Amino acid sequence: MSIKIISNGFEYAEKELLHFLSFFKEGSGSSEKTVILEVNGAMKDFCYAISGNSNELCISGGSRSAVLCGVYEALEAGGIRFGLSGQIMPEKFDFDAFFS
């Protein structure tokens, strides 16, 4: 499996996403998964939405910082925990939960 990230000007959010996903083996198979990061002008600056299916995840927000918050929430769905003292990494990342 490979993951393709589509973003336009979300360097930090993309960097964070790739950093945390790099700790985990993505699993077997030849399917390509896509993560889309986008600003939605119809949303308030502090709002974000996460939607997906088994092959695509879209994280949209009213601002770049809202999109970054959505990235962290999606990573938490896969099992990573973020706290004041740092992150807690699971033994295995749940890619099914991440892409749903």
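**Exercises on a predicted model**

Leu75 touches Leu17, Phe20, Leu21, Ile80, Phe82, Phe93 and Phe98, leaving out residues up to four places away in sequence; contact means heavy atoms within 4.5 Å. The model is predicted, so local features need pLDDT of at least 70 and side-chain atom pairs count only at pLDDT 80 or more, while totals for chains, interfaces and linings use all residues. Residues are numbered from 1 along each chain as its sequence is written, and side-chain values use heavy atoms, without hydrogens and water.

**Exercise 1.** Determine how helix 1 and helix 2 pack, and which residues meet.

*Solution.*
- Step 1. The two helices, which are DSSP runs (H or I, at least four residues) numbered from the N terminus, pack at an angle of about 10°, with axes 9 Å apart.
- Step 2. Helix 1 is therefore roughly parallel to helix 2, a term for angles under 35 degrees.
- Step 3. From helix 1, Glu11, Tyr12, Ala13, Glu16, Leu17, Phe20 and Leu21 meet Arg64, Leu68, Val71, Tyr72 and Leu75 of helix 2.
- Step 4. The residues of this contact comprise nine nonpolar, no polar and three charged; Ala, Val, Leu, Ile, Met, Phe, Trp, Tyr, Cys and Pro count as nonpolar, Asp, Glu, Lys and Arg as charged, and the others as polar.

**Exercise 2.** State whether Thr34 is buried or exposed, and which residues it contacts.

*Solution.*
- Step 1. Thr34 is found in strand 2, a strand being a DSSP run (E, at least two residues).
- Step 2. Its relative accessible area is 10%, and buried means under 20% (exposed over 50%, partly exposed in between; 1.4 Å probe, protein chains only); Thr34 is therefore buried.
- Step 3. Beyond neighbours within four places in sequence, Thr34 contacts Lys4, Ile6, Asn55, Glu56, Leu57 and Phe99.

Technical notes: Axes fitted to C-alpha atoms, helices over the stretch in contact; angles between N-to-C directions. Parallel < 35°, antiparallel > 145°, perpendicular 65-115°, else oblique.
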